[in-house]
Structures are given as structure tokens and as C-alpha cells.
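Here is a short briefing to read beside the structure. Keep the model open and find each element as it comes up.

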Amino acid sequence: MKKRVYIADFSDHVGEEIEVAGWLYNQRSSGKILFLLVRDGTGIVQAVMSKKEVGDELFEQAKALGQESSLIVSGALRKDDRAPGGYEMWVSGIEIVGTSIDYPISPKEHGTTFLMDHRHLWLRSKRQHAILRIRHEVIAGFRDFLNGRGFINLDTPIFTPNAAEGSTTLFETDYFNAKAYLAQTGQLYAEAGAKAHGKVYCFGPTFRAEKSKTRRHLTEFWMLEPEVAYMDLEGDMELAEDMIEDVVSRVLDRRAEELKLLERDIGKLENIKTPFPRITYEKCCDILEKYKTEHPDEDGVEFERGEDFGARHESIIAESYDRPLMVHRFPAEIKAFYMKRAPEDESKVLGFDMLAPEGYGEIIGGSQREDDYDTLLKRINEHNLPVEAFQWYLDLRRYGTTSSAGFGLGLERTITWICGIHHLREAIPFPRMMYRLNP
RNA sequence: UCCUCGGUAGCUCAAUUGGUAGAGCGAGCGGCUGUUAACCGCUAGGUUCGGGGUUCAAGUCCCUGCCGAGGAGCCA
């Protein structure tokens, strides 16, 4: 009696007759002995065939199988240090489920365009497999963390009637002869949710039509946005750092194999312990000005106090820290209308960005929200936003206003940093970028 | 949108000053009883991104179009 077993569960089945359902990852032969590397989604096993034992017909049939043929292999499972993974199957039978002729992704190198064109197949490769398992762990970690603190998951609409943060970066779509826009953020709706449940989060895809062509941008990316009523900026930053610490340690604990495959420097992740440093925007400006005087010949480091930071600036600021950094109290002019002004300095807002270490840049942006009706109305007008569209949002200040704070975490940027990979496009199964809508 | 670079075999790339279109991988065939991106031998495989131009001669130089990559700005 053959038992169907997943490769991840092999340690419980040594010595048994089992079968594995999967795909042919690669094969090597040496005369009368054949090594099939079979993957089943949970791992890879080396299946060994002897011509003498299985007979000429099956041996030749197996030898002719192309990479990624689907098959069910049966045989005895045993430990063997010569096999990759430490276990191997001594094959007694093979059922060929589906052939695979001229599989495009060979074991050697390929270029980015080619791999992206074959993203639906590229997902099967070891590295992509590892990254997306870490993505799964990160998502599960965030949800468990927030659920464990009593947050309610309250998801927000993707079709929206107008811009939340203004600007021209919205995707427009037809909505029964009216215009609708794909959501850039769920935050305003999450605020409504926080007034109902106290602590909520939304998690879903967001869309930005920015004409950005860099490794840090997708047009469709996933954002996690917690929002807590009666919370202030300090509480917001504490929540953000606790959450990041929790998830990083969870990935270290549960996805060590995947991190190893990606050759991630584990030590860098083990440093991620709270409290994370907090520095003000003004202090960052000092750092940038000091850097500029010490590196007068370097291009791209020019900086005007009052401007927002560019990618290079973020790296310079984050360079001297071994853990994520929280920059707070930005100038109000460069931030969104809904951020509350700092009581000690009206020109600054109670907002913060979390910058990941190792040059990975901004992964979180958050703030305490403006809670006063009249002030918020004034801000909406100052930003030339259509007041009618924000009546419901103003209602949240009209009926039982409270302080409220939250943040948005860019999922793919966080995954890219944790994995230590180069480009955001590998951190999502099917990336959408300015020049990439397929497959 | 701007700057830089690129497009040659299914894939990754090479081709000297403008002078016969090449290799590795993959594929096909053959060999090998412990391989680790196995190895060894043979074979097939090309409208050099499209259009125009210069020249005795263009993958190579010029013009133009298309596509892509890296970066900037903008942002998570």
C-alpha cells in the first residue's frame, strides 16, 4: 500500500513505501543509473532509478522526460547523505501525468525580460518559490500580530469616487457612465472603521499610476493599514516598531531555510530589536548638510531644508543605523492634508516614516490625524480638494471626534528588505509595473 | 517626463580598424551504475528588432521608429 506523502513531511516516513506527486525539476543519468530531482511544492527529492531493477522500458521512458513533466513517483524512502536534502527515493514505479516538452526556463542564466515574460513558470524556480513563501509568512505574521492585539480586519473599497491624497497618480475607470478611481489607500475608510471598532486594519491592493521606473515601485502593490482611535503619534510609532520586530523574528524562526537559499545575511535581521531610533526631520536635515560638507564632490546629495527626501537622502540618513529608523515631524507643506500639526510647531506635522536599514528606504508612512472639524475643513480647502467629496470624512469629526493614528506599510518593500533581494518585482507573484501588464 | 545603456541561435552572450556569423547552456542522437546547474562525443539550429541611408563591402557607421533595462523625479 503506497502512501501519498509531501516532501516536507519525509522525516516521519523513512523506510516506508511512499509516493510523491510532483514535477520533474532536473535529471542526471550515469549509464544504468538515473537521478530524477522531483519537486512537489513543499521540497525537492532525489529519486534514484536503476535500469536493472525497473527494467529497460520504464528506465528509457523516465530518461526521456522533459524538465517540469508532472509525475507520480513511488518507491522506498531512505536517508542518504549523498542526496540533496538528505533523503532519496528508490524508485519502483512512475506514473507520467503530463509531459513537458522544451520547457523554456533552463537551469542556466536568463535575463530579466525573458523571466518576467515567463513569470507564470518562473514561480516554480527555487528562488522565487522561497521569496513567495516568505511573503506568505510576512502576511500571516502581520495578521496574527494585529489580531492578537484585538484589531478587527475591516477592508476598504477598491473603487473610490475621488482622490484621498490628491495628485494625478490615480487610475481612472468607467463606472456605469461615471468615473471611478482605483484606491491609492484605504486609510480614510479605516478611520471610519476605527470609530466603530476602536482598532482596525485594512489589507489589500492599492494602485498608483506613477510613471516611476525604479526597483522600488509597482503600480499595484499591497498595503497594510492599521488605524487606532484615541492613539497619538507616540503610540503609532510604538505599534509600528513592535509589529516589524515581531514579523522579522517570526520569519527568522519559521523561514530559515528560505532565507538561507536567498543567501540573506541573517545577522542583519537579528539586529531588528525595539526600540528603533526616532529622529526628527530637522535632525535629518542636519545629517544631510553635514554629509554634503564632508562629501563635497558627490553628486545627488544636494538638499534644501523643507524638501522631501530622495532615495539617496534616505540611504545617507539610514546608513549609520543597524535597525529601522523612524523620522518624524515633517514639514506640513510636503505631507497630506489630514495629518495633525505638531502643537509645539505648527509648521510640522505629527507624522513619521520608517526607513528600513541597508538602503531599502521607506517601508512605512504614518501619522496622527487632524481631529478638529474646522481645522480639517480649512486644510481640505488649502489643498484645493473638493469639499463635497469629503463630507463623510468630515462627519467623523462632526460626530464623536477623537484623536486617531495609523500608518500604511508597503508589503512588497518590506518583503524585499527582509529577503535582501534587489527588486520589488520578485516580491509579488505577478508584478504590475509601468511597462509590465503581462502575464 | 528626463538622462544613460542595450536589442545577434530557444536562452545567456561573443564577433579586433567596416572584410567568411561563433561559444556555452537548452534540444536531438550516442556513451557512462552515485550524479549534485553531472560529464564526454556528434548533429540540427540565424530575415543580427523594423524602416531608410553611406560604402566595393554593414551585426559593426549615420538617420528614424519600436521594444526593453538601469537611474532621476514622484512615492509605500
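## A helix over a sheet

Helix H14 lies across strands E11, E12, E17 (351-356), E18 and E19, and it runs at about 60° to E19. This is a predicted model.

- Eight strands form an open sheet in the order E7-E11-E12-E19-E18-E17-E14-E13, and their pairing is mixed.
- E7 and strand E13 (278-280) stand at the edges of the sheet, each with a single partner strand, so one side of each has no neighbour in the sheet.
- In a regular strand, side chains alternate between the two faces of the sheet.

**Strand E11 and its neighbours**

- Strand E11 covers residues 199-207, and eight of its nine residues are buried, so E11 is largely enclosed by the rest of the structure.
- Strand E7 (residues 152-153) and E11 run parallel and are joined by two bridges.
- Asn 153 has Tyr 201 in E11 as its bridge partner.
- E11 also pairs with strand E12 (residues 220-229): the two run antiparallel, with nine bridges between them.
- To see this pairing, find Val 200, which stands opposite Glu 227 in E12.

- E18 has eight residues, six of them buried, so E18 is largely enclosed by the rest of the structure.
- E17 and E18 run antiparallel and are joined by six bridges.
- Across this pair, Asp 353 stands opposite Gly 365 in E18.
- E17 and E18 form a hairpin with four residues between the strands.
- In that hairpin, Glu 358 takes a positive phi near 60°.
- Strand E18 (residues 361-368) also pairs with strand E19 (residues 404-410), in the antiparallel sense and over five bridges.
- Ile 364 has Leu 409 in E19 as its bridge partner.
- Gly 365 is bridged to Gly 408 in E19, while Asp 353 stands opposite Gly 365 in the pairing of E17 with E18.

**Helix H14**

- Is H14 mostly enclosed or open? Eight of its nine residues are buried, so H14 is largely enclosed by the rest of the structure.
- The buried residues of H14 are Leu 411, Glu 412, Thr 414, Ile 415, Thr 416, Trp 417, Ile 418 and Cys 419.
- Gly 420 follows H14 and has a positive phi, near 70°.

- H5 lies across E7, E11, E12 and E19, and it runs at about 155° to E11.
- Two packed helices are described by the angle between their axes and the distance between those axes.
- Helix H5 (residues 126-148) packs against helix H14 (residues 411-419) at an angle of about 120°, with the axes 10 Å apart.
- That angle makes H5 oblique to H14.
- The crossing of the two helices, H5 and H14, is right-handed.
- Which residues of H5 meet H14? They are Ile 131, Ile 134, Arg 135, Val 138, Ile 139 and Phe 142.
- On the H14 side, the residues that meet H5 are Leu 411, Glu 412, Thr 414, Ile 415, Ile 418 and Cys 419.
- By class, this contact of H5 with H14 has nine nonpolar residues, one polar residue and two charged residues.

**Arg 255**

- Arg 255 sits in the loop between helix H7 (233-254) and helix H8 (256-261).
- Is Arg 255 buried or exposed? Its relative accessibility is 16%, so Arg 255 counts as buried, because buried means under 20%.
- Not counting residues up to four places away in sequence, Arg 255 touches Arg 133, Ile 134, His 136, Glu 137 and Arg 250.
- Ile 134 is among the residues of H5 that meet H14, and Arg 255 touches Ile 134 too.

**His 110**

- His 110 lies in the loop between strand E6 (87-98) and helix H3 (112-117).
- With a relative accessibility of 28%, His 110 counts as partly exposed.
- Leaving aside neighbours within four places in sequence, His 110 is in contact with Pro 104, Ile 105 and Leu 115.
- How far apart in space are His 110 and Glu 17? Their C-alpha atoms are 38 Å apart, and the two residues are 93 residues apart in sequence.

Terms used
Residues numbered from 1 in each chain as written. Chains lettered and ligands numbered in written order. Predicted model: local features only at pLDDT ≥ 70, side-chain atom pairs only at ≥ 80, totals over all residues. Heavy atoms only, no water. Axes fitted to C-alpha atoms, helices over the stretch in contact; angles between N-to-C directions. Parallel < 35°, antiparallel > 145°, perpendicular 65-115°, else oblique. Left-handed = near helix turned anticlockwise from the far one by under 90°. Contact = heavy atoms within 4.5 Å. Nonpolar A, V, L, I, M, F, W, Y, C, P; charged D, E, K, R; others polar. Buried < 20%, exposed > 50% of the residue type's maximum accessible area, 1.4 Å probe, protein only. Pairing = 2+ DSSP bridges.
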